[in-house]
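My entries follow in the order in which I looked.

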Amino acid sequence: MRIAVVDYKKEPRKGSLELMESISRHGHEPVYLKTPMLDAVLTPGGIKVYQSTEEVSVNAAILRGIGFITSLETLMKRIGVLEALASQIPVINDPSKSLIARDKWRCLLHLYLKGFPVPETLVTENPFTAMRYVKDKHIVVYKPLMGSLGLGSTLVQDPDLAFNVTRGLMNIGLPSYYQVYLEKPGYDYRVFVVGEEVIGAMKRVNPYSWKTNVAQGAGGVPVSEKEEPEVYELGLKAVKILGLEYAGVDIAYDKGTERYYILEVNAFPQWEGLRSATGVNPPDYIVKYVIEKIKK
């Protein structure tokens, strides 16, 4: 079988390369597809998807990224082409559902409407709204609406700073996303789900910063289901509700409210930290899942 890995870089990034290596180890042919190079055509004979001049002919695809895009038209084109591909073969994760997860606000909104615990969160284009929110909550975290690895996340305690940040973003046509600061016990959790299974989970511990992303210097400590059954259950249910088939779920415990909260769900998760902490190799689980899906 031919199994594609879909990403946006000219050459495969590390995660995409590891998936392709796993596809080869399982006795199948990996194909690398680049989202900017994909086109779709509606013809009398059916939907055809091309990479440059070559028609795409694969049995399934694993989506790893669509790129950082400033144009709404380009974003919609890429999602639309991937949806065309998904109408013909299994694409994991589903492009439309991946787009929801990629948007932190829409992801939390979907979870909130289904009764999942999420932190108090504001999305706005109004600098006065942001200023009032910080005055009321005292300490919040500004996050890029679309982003990962903890890059750009900033603690905000000054209402005037919130005003200036939101005004600056508004002037270039971007919204602001603020989340109430949770009093973590020095760590949070990353839960990795493939299909109907949590394949591994870890505490992300960072004694030097409030940021607990592995990319920001946190260390991983493996966590079993017996130790944290609620974390496992929340992660698995969140992925299912969002319609994803593999994902990394970030969950934090807040000492103030003594509750667990889902921070975000990543449809294109990294896995180096989890693999180092747990010994679990997510690419193999993802590829095995895809192969079984093709066979059904």
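I take two strands as paired if DSSP finds at least two bridges between them, and helices (H or I, at least four residues) and strands (E, at least two) are DSSP runs numbered from the N terminus. This is a predicted model, in which local features need pLDDT of at least 70 and side-chain atom pairs count only at pLDDT 80 or more, while totals for chains, interfaces and linings use all residues. Residues are numbered from 1 along each chain as its sequence is written, and side-chain values use heavy atoms, with hydrogens and water left out.

Entry on strand 12. I looked up its neighbours and found strand 12 joined to strand 13 (residues 197–205) by eight bridges in the antiparallel sense, with tyrosine 189 opposite lysine 203. The two strands form a hairpin with two residues between them, and glycine 195 in the turn has a positive phi of about 65 degrees. Strand 12 also pairs with strand 15 (residues 246–254), antiparallel over six bridges, and there arginine 190 stands opposite aspartate 250.

I then checked burial, where buried means under 20% relative accessible area, exposed over 50% and partly exposed in between (1.4 Å probe, protein chains only). Eight of the eight residues of strand 12 (residues 187–194) are buried, so this strand is largely enclosed by the rest of the structure. In a regular strand the side chains alternate between the two faces of the sheet. Here Tyr187, Tyr189, Val191 and Val193 point one way, and Asp188, Arg190, Phe192 and Val194 the other.

Entry on helix 1. I followed the chain from strand 1 through helix 1 (residues 14–25) to strand 2, a right-handed β-α-β crossover (clockwise from the first strand over the helix to the second, with the strands pointing away from the viewer). Strand 1 (residues 2–7) and strand 2 (residues 29–34) run parallel and are joined by six bridges, and isoleucine 3 has proline 30 as its bridge partner. Glycine 27, which follows helix 1, has a positive phi near 85 degrees.

Entry on the cores. A nonpolar core is a set of buried Ala, Val, Leu, Ile, Met, Phe, Trp, Tyr and Cys residues joined through side-chain atoms within 4.5 Å. In the largest, of 50 residues, Leu111, Ile251, Ile262 and Val265 touch the most other members, and helix 2 (residues 72–86) gives the largest share, six residues. Another core, of 22 residues, lies apart from it and includes Ala60, Ile92, Val290 and Ile291.
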